[in-house]
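Let's walk through this structure together, one region at a time. Please keep the model open beside the text as you read.

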Amino acid sequence: MTSTTRIWTDIDFDRAGKQVGWVNLPHSVTRSAYGMIAIPMAVVKNGSGPTAFLMAGNHGDEYEGQIALCKLIRELQPERIQGRVIVMPAANLPAAMDGARVSPIDHGNLNRSFPGDPERGVTQEIAHYIDSVVFPMADMFADLHSGGSSLAYVPFGSTNEGPDAALNKRSLDALTAFGCEYSVIWKHADPRYSPGAAIKRGIPQIAGEFGGGGSVNRRMLANVEAGLRRLLKHMGILDMPTAPAPKTRYMNVPGIDYHVHAPDHGLFEPATDLGQWVKAGDLCGHVHFVDDPGRAPVPCHFKRDGMVVCQRHPARVVRGDCVAHQAIDGV
Ligand code: CA
């Protein structure tokens, strides 16, 4: 790919101090012929030191990270840091303003769009800008997620495992410093996802699922806010007293067979609670048919032993919806 981005900004990434502005994606539509999508970005810099790139709103309906990063932008004081912090609190801005997972413009899922292509629409253009302009400046990448409208999570910090053991160790150390009650290692790194794209560029990365159901979890928001400060302290960027990290339990998701999908269309009645440990073959839930009450509900079952860390939030399902997934102990 030889195309370069059309996204432009007045932000000077090398200037000392705090700049809160926008990166601008030209977008020509009926109501605005020469308009642009102004995606918020802040750069806080002082002296020389590493660069942390902090992002939320990759999925627009996941809110703890968006709120935590807006607070951090207002609170970070350049004179208290050594290095640089780049913040994008609403990376897929059209999705964030729509309160939706994907963009209302092109239905693009930013977290399936890396490394992006500036010739393939708005969401791909955003991914391409992050991958080709922002990632090369970053020494650490944090992408703050939640379950969004359709999933509820046992809140956890996470990292994705790639092929480079030394890079994996740096990511795991960052995740431990961030500090959550649960730390989950995804045992794969799809390069279409932001962590996979960061891994391809040799950048340590953390993420997390800090709530879900389209709501804001107060306890996890506080954890994310403290965790961001612990992460910046871990990098030597921020020299401030931080709350100690809670003791963490390391878990991992080995593969897709730790997911359960709805076997039919209807109303899903879960048979377990979030955080519950289950065995392979245990009942996950039933799909009910309220329009055909004489018909027996269709069960579905867990395929593996593990803890239920994620459940579908809305009751109505269609065949193929993820209704639960599990994690197991261990790094
Ligand atoms: Ca997400």
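A word on labels comes before the tour: helices (H or I, at least four residues) and strands (E, at least two) are DSSP runs, numbered from the N terminus. The model is predicted, so local features need pLDDT of at least 70 and side-chain atom pairs count only at pLDDT 80 or more, while totals for chains, interfaces and linings use all residues. Residues are numbered from 1 along each chain as its sequence is written, and side-chain values use heavy atoms, with hydrogens and water left out.

With those labels in hand, turn to the largest pocket. On a 1 Å grid over the protein atoms alone, a pocket is an open set of points where a 1.4 Å probe fits, with protein on both sides within 12 Å along at least five of seven lines; lining residues have an atom within 4 Å of a point. Which strands each supply at least two residues of this lining? They are β7 (151–153), β8 (156–160), β10 (205–209), β12 (259–261) and β19 (322–329). The largest share, three residues, comes from β10. The lining has 25 residues, and R112, Y153, W186, Y193 and E209 lie nearest the centre of the pocket. The space inside is about 580 Å³, where grid points are joined across faces, edges and corners and the volume is the space filled by probe spheres set on the points.

Strands of a sheet pair through backbone hydrogen bonds, either parallel or antiparallel. Here, two strands count as paired if DSSP finds at least two bridges between them. β10 and β6 pair in the parallel sense over five bridges, and Q205 in β10 is the bridge partner of F141. On β6, F141 is also the bridge partner of F53, and five bridges join β4 to β6 in a parallel arrangement.

How enclosed is β6? Buried means under 20% relative accessible area, exposed over 50% and partly exposed in between (1.4 Å probe, protein chains only). Six of the six residues of β6 are buried, so this strand is largely enclosed by the rest of the structure. M140, A142 and L144 point one way, F141, D143 and H145 point the other way, and all are buried.

Five bridges join β4 and β5, which run parallel, and A52 stands opposite V85 in β5. Strand β5 is joined to β3 (residues 36–46) by five bridges as well, but these two run antiparallel; K45 has R84 as its bridge partner in β5. G83, V85 and V87 on one side of β5 and R84, I86 and M88 on the other are all buried. Because six of the six residues of β5 (residues 83–88) are buried, the strand is largely enclosed by the rest of the structure. β4, α1 and β5 also make a right-handed β-α-β unit: with the strands pointing away from the viewer, the path from the first strand over the helix to the second runs clockwise.

Now look for the calcium ion. H59 (ND1), E62 (OE), E62 (OE) and H145 (ND1) coordinate the ion at 2.4 to 2.5 Å. Donors are N, O and S atoms within 2.8 Å of the metal (3.2 Å for Na, K and Ca); water is not among the atoms, so sites may look incomplete. Along the chain, the donors follow the spacing H-x2-E-x82-H. This links distant parts of the chain: E62 is in the loop between β4 (51–56) and α1 (64–75), and H145 is in strand β6 (residues 140–145), 83 residues apart. E62 counts as buried at 2% relative accessibility, and H145 is buried too, with a relative accessible area of 6%.

A cis peptide bond joins F114 and P115, with omega about 0°. H107 lies in the loop between α2 and α3 and has a positive phi of about 60° although it is not a glycine. At 63% relative accessibility, H107 counts as exposed.

Finally, a disulfide is a pair of cysteine sulfur atoms within 2.5 Å, and a search of the whole structure finds zero of them. The sulfur of C300 is 4.4 Å from the closest cysteine sulfur, in C284, which is too far for a bond. C284 is buried, with a relative accessible area of 2%, and C300 is buried at 6%.
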